Amino acid sequence: MRIRILGSAAGGGLPQWNCRCDNCEAARSGDSDVRPRTQSSVAVSSDGAAWFLLNVSADVRAQLAACSELWPPAGNLRGTCIAGCILTDAEIDHTSGLLQLREGCRFGIFSTPVVRRWLTQYLPIGPILASFADRPWTDLPLDESFELPLPGGALSGLRLRAFDLGLDTPRFVPENVAEGVGGRIGLEIESAVDGGKLVYAPGVSEINERLRTAAERANCLLIDGTFWSDDEPQRMGISKSTAREMGHIPVSGCDGSLAWLSGLSVPHRVYVHINNTNPMLRSSGPEQQQVDGSGVRVGRDGDEFETCVR
Ligand code: MLT
Ligand code: MN
Ligand code: ZN
């Protein structure tokens, strides 16, 4: 299975349009210590020909342009190697790119029923897209293995299992948070071809049992690296809430994600969905050294991983 990080930043990207934090300033000035990053998305394929996008950011156009394997296949005037888009939540940074991919071709969208409902009722990407292109929408069950089909119905060689990552409702959804079961999921994707397993969880508020179990059997784990510390959003003046209150477990600290990741034997452990204020984005800084020293990688746009266990 091939895995490519299309975008490693959280919503806003790096630099973010309205931000003059140290990281955004460095990225804007071309300082190689802080590389620019586009917004959160991953591509995965069992054969290198048909690719599934895991979340679709507003930067998808540039992300596809940057990778020749994701260009239209040769031989036809119009076409795409995108076989489908799988959503882990309904957040704007993970879904608005679907509107950029509206000029025809047929591929499916996969999400939980509640995410589909939110993207019909409150951020009506589903109904809007339906006027432009054929985007059959499939409801994902939780905790059940599901063979991902190609647009024509043949099997893709990828098996998907969605697992719940706790209640988290996007800001634009005016509903009680208790209504949001399935509102934020992790994905476990297994290749029928080589047996490799990817776990993708770009939004994690706590490390629950489901995530633990999935991560322990993965070859590649792409996980929420939004904030370095719990008080970072407040200290940087971007929110009154803490990282945890915003639904993101911080990287550092004895109950942070890094302490857990450092004890896992997963070959590729990689942070994605990294907010532009996160100090671990600076290559020469002590935070990135601490991450590296724990055997974990601060993900970058264009990073590629291959899982092959047989
Ligand atoms: C998140 O990751 O928490 C959301 O994307 C936040 C947002 O876009 O407002
Ligand atoms: Mn986000
Ligand atoms: Zn910034």
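Is His 273 buried or exposed? His 273 is buried, with a relative accessible area of 6%. Please keep in mind as you read that this is a predicted model.

Asp 93 belongs to helix 3 (residues 92-95), while His 273 sits in the loop between strand 12 (268-272) and helix 9 (286-293), so the pair ties together parts that are 180 residues apart in sequence. Asp 93 also counts as buried, because its relative accessibility of 13% falls under the 20% cut-off.

Now let us turn to strand 5, which covers residues 108-111. In a regular strand, side chains alternate between the two faces of the sheet. Here Gly 108 and Phe 110 point one way, Ile 109 and Ser 111 point the other way, and all of them are buried.

Strand 5 has partners to pair with. Strand 4 (residues 82-86) pairs with strand 5 in the parallel sense over three bridges, and in that pairing Cys 85 has Ile 109 as its bridge partner. Strand 6 (residues 137-139) also pairs with strand 5 in the parallel sense, over three bridges. On that side, Ser 111 stands opposite Asp 139 of strand 6.

Phe 110 brings us from the strand to the rings. Searching the whole structure turns up two aromatic pairs. One of them joins Phe 110 and Phe 146 in an edge-to-face arrangement, at 6.0 Å centre to centre and with 70° between the planes. Phe 110 is in strand 5 and Phe 146 in strand 7 (residues 145-149), so this pair ties together parts that are 36 residues apart in sequence. Phe 110 is buried, with a relative accessible area of 3%, and Phe 146 is buried too, with a value of 19%. Ring pairs also bring in Phe 52, giving a cluster of Phe 52, Phe 110 and Phe 146.

**Charges over rings**

| Arginine | Ring | Distance to the ring centre |
|---|---|---|
| Arg 102 | Phe 132 | 5.8 Å |
| Arg 135 | Phe 107 | 3.8 Å |

The charged end of Arg 102 sits over the ring of Phe 132, and Arg 135 lies over the face of Phe 107.

Terms used: Residues are numbered from 1 along each chain as its sequence is written. Chains are lettered from A and ligands numbered from 1 in the order in which they are written. This is a predicted model: local features need pLDDT of at least 70, side-chain atom pairs count only at pLDDT 80 or more; totals for chains, interfaces and linings use all residues. Side-chain values use heavy atoms; hydrogens and water are left out. Helices (H or I, at least four residues) and strands (E, at least two) are DSSP runs, numbered from the N terminus. Buried means under 20% relative accessible area, exposed over 50%, partly exposed in between (1.4 Å probe, protein chains only). Two strands pair if DSSP finds at least two bridges between them. Rings of Phe, Tyr and Trp (its six-membered ring) pair if their centres lie within 6.5 Å; planes under 30 degrees apart count as stacked, over 60 as edge-to-face and the rest as tilted. A charge sits over a ring if NZ of Lys or CZ of Arg is within 6 Å of the ring centre and within 35 degrees of the ring normal.
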